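Here is a briefing on one protein chain. Look at the sequence and the fold before reading on.

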Amino acid sequence: MFHQGRGNANFTAAATAALVLCAVALFNMFNYYPKSHNVVVVKESSDFNNCKVPAGATVFTSGKDRVALVRGHNLFICGKPGHCLFGFMKINVTAV
Ligand SMILES: [Cu+2]
């Protein structure tokens, strides 16, 4: 959904909108090419804004990750160098 295929694919606006519009977003599936990307759970908005992988962060690497969302903001970035900062591989999912 977010990192689709290989290379420098970005999160799509459609995927973002669909998730935010989802009234009860209990789970979210990340599909991506696992050799190229990963999904890092970020808790602090400063880390999210700066694309910083926090020490001890939960990192998903399967390529087909199923992530439980919490109510409110759920921040995810790609932890591969430059992907978040220069490829905009980051997403803020709001679960209501
Ligand atoms: Cu990436």
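The points below cover confidence, layout, sheet, core and a few single residues.

This is a predicted model: local features need pLDDT of at least 70, side-chain atom pairs count only at pLDDT 80 or more, and totals for chains, interfaces and linings use all residues. Residues are numbered from 1 along each chain as its sequence is written.

**Confidence**

- pLDDT is the predictor's confidence in each residue, from 0 to 100.
- The chain has a mean pLDDT of 78, and 70% of its residues reach 70 or more.
- Over residues 1–12, pLDDT stays under 50, and the model has 31 contacts beyond four places in sequence for them. Two residues are in contact if their C-beta atoms, placed from the backbone, lie within 7 Å.
- Residues 17–27 also stay under 50 in pLDDT, with 13 contacts beyond four places in sequence.
- Where pLDDT is low, the predicted coordinates should not be read in detail.

**Layout**

- The chain holds three helices and six strands. Helices (H or I, at least four residues) and strands (E, at least two) are DSSP runs, numbered from the N terminus.
- Starting at the N terminus, the order of elements is α-β-β-α-β-β-β-α-β.
- Of the 96 residues in the chain, 25% are buried. A residue is buried if 20 or more other C-beta atoms lie within 10 Å of its own, exposed if 12 or fewer, and partly exposed in between; C-beta atoms are placed from the backbone.
- Take the contacts between residues at least 6 apart in sequence: 68% of them join residues at least 24 apart.

**The sheet**

- Four strands form an open, antiparallel sheet in the order S3-S2-S5-S6. Two strands pair if DSSP finds at least two bridges between them.
- Strand S3 (59–60) and S6 are the edges, each with a single partner strand, so one side of each has no neighbour in the sheet.
- S2 (residues 39–42) pairs with S5 (residues 72–77) in the antiparallel sense, over three bridges. Here Val42 has Leu75 as its bridge partner.
- S5 and S6 (residues 90–95) run antiparallel and are joined by six bridges. Leu75 stands opposite Asn92 in S6, and Phe76 stands opposite Ile91.

**The core**

- The largest nonpolar core has 14 residues. Such a core is a set of buried Ala, Val, Leu, Ile, Met, Phe, Trp, Tyr and Cys residues joined through C-beta atoms within 7 Å.
- S2, S5 and S6 each supply at least two residues of this core. S2 gives the largest share, three residues.
- Among the residues with the most contacts inside the core are Val39, Val40, Phe76 and Cys84.
- Leaving out residues up to four places away in sequence, Val40 touches Val53, Ala57, Val59, Phe76, Ile77 and Gly79.
- In soluble globular proteins, nonpolar side chains tend to be buried together.

**Single residues**

- Is Asn50 buried or exposed? Asn50 is exposed, because 12 other C-beta atoms lie within 10 Å.
- Asn50 belongs to helix H2 (residues 45–50). Asn50 and Cys84 are 34 residues apart in sequence and 8.7 Å apart in space, C-alpha to C-alpha.
- Cys51 sits in the loop between H2 and S3. Cys51 is buried, because 21 other C-beta atoms lie within 10 Å.
- Cys51 is not a glycine, yet has a positive phi of about 60°. Phe88, also a residue other than glycine, has a positive phi near 60°.
- Most residues other than glycine have a negative phi.
- Phe88 lies in the loop between helix H3 (83–87) and S6. Phe88 is partly exposed, with 14 C-beta neighbours inside 10 Å.
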